[in-house]
Amino acid sequence: MLRRTFLTYSGVAPFLDATSEKGNVLVAGGHPGDPEYGCGGTIAKLTKAGYRVTILYLNRGEKGCRVMNADCGSLRTREAENACRILGATPTFGKEVDGEAVVDNAAYSSFDELIGSHRPELIITHWPIDNHRDHRAISMLSYDAWHSRRATCSLYYYEVTDGEDTVMFSPTYYVDITAEEALKRKACFAHASQSPERFYKIQSDITRFRGSQVGCVHAEGFIRCAGSRAHPILTS
Ligand SMILES: [Zn+2]
């Protein structure tokens with residue numbers, strides 16, 4: 001059954017007000033730009049509503065520049081910091097290397113400590129079936145950190161460039177991001193080294209398609225992990 005969250009049509013509850021105290025949300029992604037492309041509209045919506053959102057990047061994307069001789073990791077770190085500023089979120093970075101993801105006992109311990117230090121009540125991460133191994137890695141590391149906190153923390157998955165990276169993704173929850181789409185676009189274009197003029201269109205096509213599934217212009221789709229408690233922001 002589809003859950004239509006945050007949607008302003010059809011009489012569902014309006015989004016949470018920004019006046020009361022809200023908790024911590026951690027959004028994890030493989031590289032700078034992934035969380036912004038996958039669920040930047042929802043991040044903007046959360047921060048506007050008063051949630052403290054941290055974006056955790058597995059690495060600094062140091063192999064992902066098309067500019068020769070650029071200090072790619074530093075450049076993409078600055079881009080991520082700017083994108084987070086636009087969305088009202090706080091960036092943090094794992095110590096893994098772009099394209100060389102390691103998922104072993106040491107990595108599980110390290111990310112468990114890092115994610116736990118943010119005391120999240122909600123974790124949103126990559127869908128685990130994805131063509132990029134870094135995306136699969138942060139998904140596994142996030143899952144592991146969530147599992148020991150599942151009594152107090154929820155886990156949801158987002159999609160990126162569906163079909164190209166994320167595969168086999170059928171959302172069960174939707175967030176209407178029509179009002180936040182311009183801000184999301186700005187955050188994604190902060191990643192200027194990553195050809196946003198090409199890639200943003202793909203993601204925009206996806207949010208338009210997701211929007212068409214639930215009757216709004218732009219929406220982001222999510223799947224709640226089996227065994228996860230429902231988080232109020234994705235069930236109303
Ligand atoms: Zn990526």
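Helices (H or I, at least four residues) and strands (E, at least two) are DSSP runs, numbered from the N terminus.

**Entry 1: ground rules and overall layout**

I noted that this is a predicted model, where local features need pLDDT of at least 70, side-chain atom pairs count only at pLDDT 80 or more, and totals for chains, interfaces and linings use all residues. Residues are numbered from 1 along each chain as its sequence is written, and side-chain values use heavy atoms, with hydrogens and water left out.

I looked up the elements and got six helices and eight strands. Along the sequence I read the pattern β-β-α-β-α-β-α-β-α-β-β-α-α-β.

Next I checked burial, where buried means under 20% relative accessible area, exposed over 50%, and partly exposed in between (1.4 Å probe, protein chains only). Buried residues make up 54% of the 236 in the protein.

For contacts I used heavy atoms within 4.5 Å. Of the contacts between residues at least 6 apart in sequence, 80% join residues at least 24 apart.

**Entry 2: the zinc ion**

Which protein atoms are the donors of the zinc ion? I counted N, O and S atoms within 2.8 Å of the metal (3.2 Å for Na, K and Ca); water is not among the atoms, so sites may look incomplete. I found His-31 (ND1), Asp-34 (OD), Asp-34 (OD) and His-135 (NE2), at 2.1 to 2.7 Å from the zinc ion.

Along the chain the donors follow the spacing H-x2-D-x100-H. Asp-34 sits in helix H1 (residues 34-48) and His-135 in helix H4 (residues 133-147), so this pair, 101 residues apart, links distant parts of the chain.

Why is the arrangement called irregular? The four donor atoms subtend angles of 52 to 138 degrees around the zinc ion, and that makes the arrangement irregular. The rule I applied: four donors count as tetrahedral if all angles lie between 85 and 135 degrees; four count as square planar and six as octahedral if opposite donors are over 155 degrees apart and all others between 65 and 115; anything else is irregular. For reference, ideal angles are 109.5 degrees for four tetrahedral donors.

I then followed His-135 to Asp-165, one of its contacts. Asp-165 lies in the loop between E6 and E7 and counts as buried at 19% relative accessibility. Setting aside neighbours within four places in sequence, Asp-165 also touches Ile-129, Asp-130, Asn-131 and Val-160. Its C-alpha is 9.7 Å from that of Arg-133, 32 residues away along the chain.

**Entry 3: strand pairing**

I took two strands as paired if DSSP finds at least two bridges between them. E2 and E5 pair in the parallel sense over three bridges, with Val-25 opposite Leu-122 in E5. E5 and E6 are also parallel, over five bridges, and here Leu-122 stands opposite Ser-154 in E6. All of E5 is covered: five of its five residues are buried.

On to E8 (residues 219-224), where five of six residues are buried. E6 (residues 154-158) runs antiparallel to E8 with two bridges, and Tyr-156 has Arg-224 as its bridge partner there. E7 (residues 173-176) is antiparallel to E8 as well, with four bridges; Tyr-173 stands opposite Phe-222.

**Entry 4: Ser-154**

Ser-154 in strand E6 is buried, at 1% relative accessible area. I checked what its side chain meets: a polar atom of it lies 2.9 Å from the backbone oxygen of Arg-229. Beyond neighbours within four places in sequence, the contacts of Ser-154 include Glu-121, Leu-122, Trp-146 and His-231.

**Entry 5: nonpolar cores**

A nonpolar core here is a set of buried Ala, Val, Leu, Ile, Met, Phe, Trp, Tyr and Cys residues joined through side-chain atoms within 4.5 Å. The largest has 30 residues, and Val-25, Val-27, Ile-43, Val-53, Ile-124 and Phe-222 have the most contacts inside it. Elements giving it two or more residues include E2, H1, E3 and helix H2. A second, separate core has 20 residues, among them Leu-56, Trp-127, Ile-138 and Cys-153.

Leaving out neighbours within four places in sequence, its contacts include Val-25, Cys-39, Tyr-158 and Phe-222.

Key:
Polar contact = N/O pair within 3.5 Å; in protein donor to acceptor, adjacent residues only side chain to side chain.
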